[in-house]
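Hi,

Here is the structure I promised to pass on.

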Amino acid sequence: MHRSSVFFRLATLLFCLCLGWWFWKGIEALEHTGTLTGPAVHYVARAAEETGASNLVSAILFDYRALDTLGEATVIYTAVCGIAMLFSRSKYRKSSTGLSFIVKRGLGFVIPFILLYAAGIVLMGHLTPGGGFQGGAVFATMTILFCIVYGSNFEAARINPKIKEFIESTGAVMFTLIGLVGLIAGAGFLANSAAGFPTGRVGSVLSGGTIPLLNIAVGMKVGAGLSTIFYSMVKLLEVKYEDAVEVDRP
Amino acid sequence: MTISFYAFLCGFLALTAVVAAEIEDILSAVISLSVFGILLAIAFAILQAPDVALTQAVINSGLVTSLFLVAYSQTEKQQFRRKDKK
């Protein structure tokens, strides 16, 4: 028994070190630039003028491979529905009163900047690194901070869980409707410039055709979905009451 | 500069991964995993994948760590002896 435990520990150590060595080899890819093959050639050469987005990753995610993004969003939607259904019958417990007064005030000062950062990531998804998924995750992180610092009762009182579910469904419907517009125009599902959407000048805020709209839809979906997951898991936790060090009154 | 910094990053990544896998204390493992996520995000940014780096930073240090910490706060510490240790 003892020997096998040592063996597993050594195996874990070796595995971690091997993966680290592999990662170290990744720096060579930066020095030796290889030649592109397959569809990558077309993407790098033509994506900017075809879609109007200066962020090529965003152009591939929301234009060339938009159907895959829709499937990915559906996966998150299914996960959120399943988790919300699993925990819907469970009893709601009273939440804690949150952390101390200083932490609450400090978070109050930081929250607008986090909101601005998240909105910037979503709205500038076609220009700079980022996009709907990342910005939505920042939104969800903010609601998690609310849950931890102010207590989950406060979070549910300010942002109604029903409204969250509505926002998430609206994001999904918006994504599909934008895709259907392309279908109606006769260019195929989720078509961008081929369906007549103006692509604008590369690098300006109003560019990229459907890409900013799809970014907003995915951001709504992911932000509301992930915070719903966290809230529905946290709301039924049993809170161990400790002696309150300080009590703040509104 | 980049090579030596990258070497430090890879070594520290392996170290935090080993600590997260091997340590007995769960809280230390969670925090070590969070540090691992941040270092991985920096490494992705060096390897010129800023989109992946952003996702990695937000998901690993924000969502996963908070979920693990909430789960940790609900568990209770049990004193028991492992069978393989005498």
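**What I found**

In chain B, 43% of the contacts with a separation of 6 or more are between residues 24 or more positions apart; two residues are in contact if their C-beta atoms, placed from the backbone, lie within 7 Å. Before you go on, this is a predicted model, in which local features need pLDDT of at least 70 and side-chain atom pairs count only at pLDDT 80 or more, while totals for chains, interfaces and linings use all residues. Residues are numbered from 1 along each chain as its sequence is written, and chains are lettered from A and ligands numbered from 1 in the order in which they are written.

**Chain B**

Chain B has three helices and zero strands, in the order α-α-α. Helices (H or I, at least four residues) and strands (E, at least two) are DSSP runs, numbered from the N terminus. Of the 86 residues in chain B, 23% are buried. A residue counts as buried if 20 or more other C-beta atoms lie within 10 Å of its own, as exposed if 12 or fewer do, and as partly exposed in between, with C-beta atoms placed from the backbone.

Take α1(B) as a worked example. This helix has 21 residues and reaches 30 Å from its first C-alpha to its last, close to the 30 Å expected at 1.5 Å a residue (the expected span is 1.5 Å times one less than the number of residues). Which residues of α1(B) are buried? They are B:C10, B:L13, B:A14, B:T16 and B:A17. These cover an arc of only 165 degrees around the axis, so they sit on the same side of α1(B); the arc is that of the directions from the helix axis to the C-beta atoms. The general point behind this is that an α-helix has 3.6 residues a turn, so residues three or four places apart point the same way. On the other side of α1(B), you'll find B:S4, B:F5, B:A7 and B:F8 exposed.

Now zoom in on B:C10, which is in helix α1 of chain B. It counts as buried because it has 22 C-beta neighbours inside 10 Å. If you skip its neighbours within four places in sequence, B:C10 is in contact with A:G20, A:F23 and A:W24. B:C10 and B:A43 are 33 residues apart in sequence, yet 8.2 Å apart in space, C-alpha to C-alpha.

One more spot in chain B: B:Q48 lies in the loop between α2 (26-46) and α3. It isn't a glycine, but has a positive phi of about 65 degrees. B:Q48 is exposed, because it has 10 other C-beta atoms within 10 Å.

**Where the chains meet**

How many residues of chain B are in contact with chain A? There are 26, and they touch 30 residues of chain A. On the chain B side, the elements giving two or more residues are α1 (2-22) and α3 (50-74). The largest share, 12 residues, comes from α3(B). By class, this side of chain B has 18 nonpolar, four polar and four charged residues. Here Ala, Val, Leu, Ile, Met, Phe, Trp, Tyr, Cys and Pro count as nonpolar, Asp, Glu, Lys and Arg as charged, and the others, Gly among them, as polar.

**Chain A**

Chain A has 10 helices and zero strands. Its radius of gyration is 23 Å, well over the 18 Å that the globule rule gives for 250 residues, so chain A is more spread out than a compact globule. That radius is taken over C-alpha atoms, and the rule is 2.2 Å times the number of residues to the power 0.38. Buried residues make up 32% of the 250 residues in chain A.

The buried residues of α9(A) are A:K164, A:E168, A:G171, A:F175, A:I178 and A:G182, and they pack against α5 (66-86) and α10 of chain A. After α9(A) comes A:G186, with a positive phi near 85 degrees.

**The core**

Finally, the largest nonpolar core has 54 residues, and those touching the most other members are A:A137, A:V138, A:C147, A:L214, A:V218, A:F230 and B:L13. Helix α10 (residues 211-234) of chain A gives the most to this core, with 13 residues. A nonpolar core is a set of buried Ala, Val, Leu, Ile, Met, Phe, Trp, Tyr and Cys residues joined through C-beta atoms within 7 Å.

Cheers
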